[in-house]
Amino acid sequence: MTETVQTTADVVALAQALIACPSVTPATGTVFDCLEAQLTPLGFHVHRAISGEAPDGPVENLFAIRKGPEGSRHFAFAGHLDVVQPGEGWASGAFAPEIRGDLLYGRGAVDMKGSIAAMVAAVADLPVEAGTVSFVITGDEEGPARYGTLALIDHMRAVGAIPDLCLVGEPTSVNRLGDMMKIGRRGSVNIWLEVEGVQGHVAYPHLADNPITKLVAMLAELDAIVLDEGTDWFQASNLEVTDLTVGNPATNVIPAKASARISIRFNDLHTGEGLSARVTEIAERHGGTSRPVISGEAFLTAPGPFSTLLAEAIRAETGVEPELSTSGGTSDARFLKDLSPVIEFGLCNATMHKRDEAVAIADLEGLVRIYRRVLDAALTR
């Protein structure tokens with residue numbers, strides 16, 4: 001390993017302050033006050049806005065930017081301050097950050113208030129002359145995400161603040177800090193299926209029309225589809241039945257309606273629209289209807305200068321060779337890829353969304369140094 005980068009900000013204190021602000025999806029208010037108070041003294045101009053209406057809103061978002069010299073490169077950090085419900089049974093309060101041994105406990109410690117704290121610490125002593133840095137922070141990534149990062153992207157386009165590169169601080173590391181970065185993600189589409197029938201007595205089936213039979217045949221055909229065998233960078237796409245509902249309390253009645261839901265996670269050989277059309281054709285052929293909701297398209301930031309830059313920073317601080325992966329679920333990188341090349345990299349994900357979520361203090365400090373190396377390299381290349 002080369003000599004480590006030294007930073008002056010206390011990343012643990014920054015993370016504790018953010019964790020101490022309850023911010024279950026959709027997050028608003030205090031947690032954004034906290035982040036703004038961390039960024040403003042560093043010279044960032046902070047824009048906050050609340051977007052959307054119930055049931056998926058309102059959502060608070062924050063865009064902060066510190067401009068460098070005219071013509072300098074622009075590097076964006078992105079992430080979310082909202083967290084999932086903590087549940088019961090924590091050894092200490094979910095929003096009462098506590099250090100026990102070498103770990104910092106609290107909801108959001110790894111997903112992803114810890115990473116955001118590391119971002120702030122990484123820019124704390126970065127000279128303004130180095131270039132433009134921004135923070136793209138939403139209050140709704142864990143929820144519907146309808147009024148979150150999409151609203152931030154609209155604002156960035158409106159003010160002409162398009163970054164050259166964007167790093168999302170999702171917890172991508174698996175066994176140790178630095179062992180994995182995400183250079184892409186599969187797309188996601190959920191499709192609600194419904195078949196209308198004619199209700200009737202089971203003893204007189206000729207007077208009824210059973211929708212369950214049609215739905216089962218439809219699902220069998222869908223389940224038999226092999227979408228692809230995967231690609232060099234993506235695993236195979238998969239279609240899963242996630243719900244099947246009839247709701248018929250009677251034993252002697254053929255029901256009037258049957259419904260189901262499927263979820264497709266797909267690689268970059270497909271589009272959400274194309275898959276939706278394929279399912280619709282099958283549904284209609286079996287006498288049913290479909291209602292698709294596309295959560296995001298597949299994307300890939302092909303291995304190149306950005307992934308090399310990040311890998312060099314990781315190796316320099318940890319000695320680890322990161323795996324380039326597209327595994328896992330979706331993230332807001334699926335939206336940010338429309339602005340600039342985007343890669344995800346952050347803390348170890350073993351405790352995310354779990355009771356007693358915790359981050360190793362050494363990992364927090366290591367992440368600050370990695371992020372700082374990334375900044376130094378990205379703003380000068």
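This is a predicted model: local features need pLDDT of at least 70, side-chain atom pairs count only at pLDDT 80 or more; totals for chains, interfaces and linings use all residues.
**Entry 1**

Val128 itself belongs to the loop between α3 (113-123) and β6. Is Val128 buried or exposed, or something in between? Its relative accessibility is 36%, so I log Val128 as partly exposed.

**Entry 1: the whole chain**

I stepped back to get the overall numbers. I have 9 helices and 19 strands for the protein. Along the principal axes, the C-alpha atoms fill a box of roughly 80 × 45 × 40 Å. The protein has 381 residues, and 51% of them count as buried. I also looked at contacts with a separation of 6 or more: 81% of these come from residues 24 or more positions apart. The exposed surface comes to about 16,100 Å², with carbon and sulfur atoms supplying 51% of it.

**Entry 2: aromatic rings**

Next I went through the rings. A pair of aromatic rings is described by the distance of the centres and the angle of the planes. How many aromatic pairs are there? I get 5 aromatic pairs.

I started with Phe75 and Phe306, an edge-to-face pair at 6.4 Å centre to centre, with 90° between the planes. This pair links distant parts of the chain: Phe75 is in strand β3 (residues 74-80) and Phe306 is in helix α7 (residues 305-318), 231 residues apart. Phe75 has a relative accessible area of 1%, so I call it buried. Phe306 comes out at 6%, so it is buried as well.

Then I looked at Phe77 and Phe135, whose rings are tilted at 45° between the planes and lie 5.7 Å apart, centre to centre. Here too distant parts of the chain are linked, as Phe77 is in strand β3 and Phe135 is in strand β6 (residues 132-138), 58 residues apart. Both Phe77 and Phe135 are buried.

Which residues end up in the cluster linked by ring pairs? I list Phe44, Phe75, Phe77, Phe135, Phe306 and Tyr371.

**Entry 3: arginines over rings**

I checked charges over ring faces and wrote down two cases. Arg100 lies over the face of Tyr105, 3.7 Å from the ring centre. Arg291 has its charged end over the ring of Trp192, at 4.6 Å from the centre.

**Entry 4: a nonpolar patch**

Which residues make the nonpolar surface patch of about 200 Å²? They are Ile212, Val216 and Val246. I placed Ile212 in helix α5 (residues 211-223).

I finished with the backbone. Most residues other than glycine have a negative phi, and most peptide bonds are trans. I went looking for exceptions.

Two cis peptide bonds went into the notebook. The bond from Thr25 to Pro26 is cis, with omega near -5°, and Pro26 is in the loop between α1 (11-19) and α2 (30-39). The bond from Gly57 to Pro58 is cis too, with omega near 0°. I find Pro58 in the loop between β1 (45-51) and β2 (59-66).

I also noted positive phi values. Ala145 is not a glycine, yet its phi is about 65°. Ala145 is in the loop between β6 and α4 (149-158). Buried or exposed, this Ala145? I have it as buried because its relative accessible area is 2%.

His353 also has a positive phi, near 65°, and is a residue other than glycine. I traced His353 to the loop between β18 (342-344) and β19 (358-360). At 41% relative accessibility, His353 goes in as partly exposed.

Methods: Residues are numbered from 1 along each chain as its sequence is written. Side-chain values use heavy atoms; hydrogens and water are left out. Rings of Phe, Tyr and Trp (its six-membered ring) pair if their centres lie within 6.5 Å; planes under 30 degrees apart count as stacked, over 60 as edge-to-face and the rest as tilted. Helices (H or I, at least four residues) and strands (E, at least two) are DSSP runs, numbered from the N terminus. Buried means under 20% relative accessible area, exposed over 50%, partly exposed in between (1.4 Å probe, protein chains only). A charge sits over a ring if NZ of Lys or CZ of Arg is within 6 Å of the ring centre and within 35 degrees of the ring normal. Patches are made of residues with over 30% relative accessible area and no salt bridge: like charges are joined within 9 Å, nonpolar side chains (Val, Leu, Ile, Met, Phe, Trp, Tyr) within 5 Å. Accessible areas come from the Shrake-Rupley method with a 1.4 Å probe; for residues, only the protein chains shown count as cover. A salt bridge is a side-chain nitrogen of Lys or Arg within 4 Å of a carboxyl oxygen of Asp or Glu. Contact means heavy atoms within 4.5 Å.
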